[in-house]
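Student: I'm new to this one and would like a close look at a single part. Could you take me through the salt bridges, and then show me what else is worth a look?

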Amino acid sequence: MAVTVLGSIHIDLYIKVDRLPEIGETIVGSGFTILPGGKGANQAVGCGRLGEETYMIGRIGMEFSDLILRNFRDNKVITDSIIIDEHYPTGVAFIILHEKTKENMIIIDPGAGKRISNLDIDRADNEIDSSKIVLLQLEIPLEANLYMCKKAKFKGKTVILNPAPARILPEDMFHYIDIITPNRVETYQLTGVAVKDLSTAKEAGERLIQKGVNTVIITLGSYGSVLVTASGALYYPAFSVEVIDTTGAGDAFNAGLAVALSRGMDIEEALVWANAAAALKLTKLGAQTGLPYLDELLDFLKKHSKYKGKTI
């Protein structure tokens with residue numbers, strides 16, 4: 001089958017620092033780099049690198065358009081539904097990366113992504129029809145995401161929402177989401193439950209199930225992830241790897257999940273793929289440049305063949 005990704009397409013402006021600056025402070029950084037980014041684009045490239053037919057729906061400006069489109073095509077992402085907006089610039093993300101702790105601070109301006117409309121989505125009907133999975137995030141207008149959720153569900157597609165960055169969602173939107181993948185901050189925003197351990201993660205997941213979502217996957221960073229469904233909860237510990245850059249790990253996770261489900265795996269098998277993809281991303285620099293390829297993922301999974309979830 002295939003995956004359709006609706007979402008943001010940005011250019012990432014990276015700079016490395018020895019420590020994060022205080023408010024009003026100027027510090028000297030190093031290693032300034034310009035790379036393709038945006039959560040939607042990252043997830044689409046992640047799916048493409050894992051060998052799945054992938055369609056990207058989004059908007060960019062004239063700036064960096066050649067670089068962005070070439071990068072998509074190099075990573076096997078179909079770009080027919082990407083619109084070049086002549087009136088708004090390409091979205092950007094400013095990323096400050098702490099060299100020692102690998103933590104980051106990110107500021108984004110969505111640029112042309114703010115203009116994604118229902119008409120843009122309607123123009124991509126053929127792509128959606130050809131896909132099994134529709135993958136969404138929250139760096140574009142909420143109205144467009146809600147419209148896509150409804151359209152995709154009407155067409156019988158599996159809808160995955162990565163609710164990042166954290167936003168309050170309209171209550172009716174949950175009924176159109178098959179799988180939601182919040183981190184701890186996003187989980188608190190959506191449920192009011194502070195995720196401090198596996199028990200509170202399960203509680204938060206159950207609240208999202210009550211809102212109408214079929215499946216909840218709460219990502220816990222270096223602690224792994226928790227799967228919650230109406231029938232129970234499983235904990236998947238994180239793989240142990242050397243961390244180089246945490247940026248884009250969540251996008252790798254969602255790409256791995258979407259591709260596995262598109263290939264017909266059940267949700268528990270798909271969680272193994274998702275956690276493995278995220279782990280491999282952590283070992284490389286760049287939200288997109290560090291995303292794993294299929295052969296890397298399969299080799300990694302062979303080395304961790306006994307990995308599975310544990311009942312909570």
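Tutor: Start with D85 and R115, whose side chains meet in a salt bridge at 2.8 Å, N to O. (A salt bridge here is a side-chain nitrogen of Lys or Arg within 4 Å of a carboxyl oxygen of Asp or Glu.) D85 sits in the loop between strand 5 (77-84) and strand 6 (90-98), while R115 sits in the loop between strand 7 (104-111) and helix 3 (118-122), so the pair ties together parts that are 30 residues apart in sequence. Helices (H or I, at least four residues) and strands (E, at least two) are DSSP runs, numbered from the N terminus.

Before going on, keep in mind that this is a predicted model: local features need pLDDT of at least 70, side-chain atom pairs count only at pLDDT 80 or more, and totals for chains, interfaces and linings use all residues. Residues are numbered from 1 along each chain as its sequence is written, and side-chain values use heavy atoms, with hydrogens and water left out.

Back to the pair. D85 is buried, with a relative accessible area of 3%, whereas R115 is partly exposed at 34%.

In total, the structure holds 15 salt bridges. Another of them pairs E52 with R263, the closest N and O atoms being 3.1 Å apart. E52 is in the loop between helix 1 (39-49) and strand 4, and R263 is in the loop between helix 8 (249-262) and helix 9, so this pair ties together parts that are 211 residues apart in sequence. Here E52 counts as buried at 7% relative accessibility, and R263 counts as partly exposed at 39%.

Then there's K153 with D178, where the closest N and O atoms are 2.9 Å apart. This pair links distant parts of the chain, with K153 in helix 5 (residues 142-154) and D178 in the loop between strand 9 and strand 10, 25 residues apart. K153 counts as partly exposed at 30% relative accessibility, and D178 as buried at 10%.

That loop between strand 9 (158-161) and strand 10 also holds P165. A cis peptide bond joins A164 and P165, with omega at about 0 degrees. Most residues other than glycine have a negative phi, and most peptide bonds are trans. K76 is found in the loop between helix 2 and strand 5, and it is exposed, with a relative accessible area of 61%.

F64 is another non-glycine with a positive phi, about 65 degrees. It lies in the loop between strand 4 (53-60) and helix 2 (65-74) and is partly exposed, at 37% relative accessible area. Together with F32 and I34, F64 makes a nonpolar surface patch of about 290 Å². (Patches are made of residues with over 30% relative accessible area and no salt bridge: like charges are joined within 9 Å, nonpolar side chains (Val, Leu, Ile, Met, Phe, Trp, Tyr) within 5 Å; the areas come from the Shrake-Rupley method with a 1.4 Å probe, and for residues only the protein chains shown count as cover.) I34 is in strand 3 (residues 30-37).

Finally, find helix 10 (residues 294-303), where F300 lies. The buried residues of this helix are L297, F300 and L301. They cover an arc of only 100 degrees around the axis, which puts them on the same side of helix 10; that arc is taken from the directions from the helix axis to the C-beta atoms. Those buried residues pack against helix 9 (267-282). F300 itself touches F239, V241, A276, A279 and L280, not counting residues up to four places away in sequence, where contact means heavy atoms within 4.5 Å. The face turned away from the buried side of helix 10 carries the exposed residues D295, K302 and K303.

Methods. Buried < 20%, exposed > 50% of the residue type's maximum accessible area, 1.4 Å probe, protein only.
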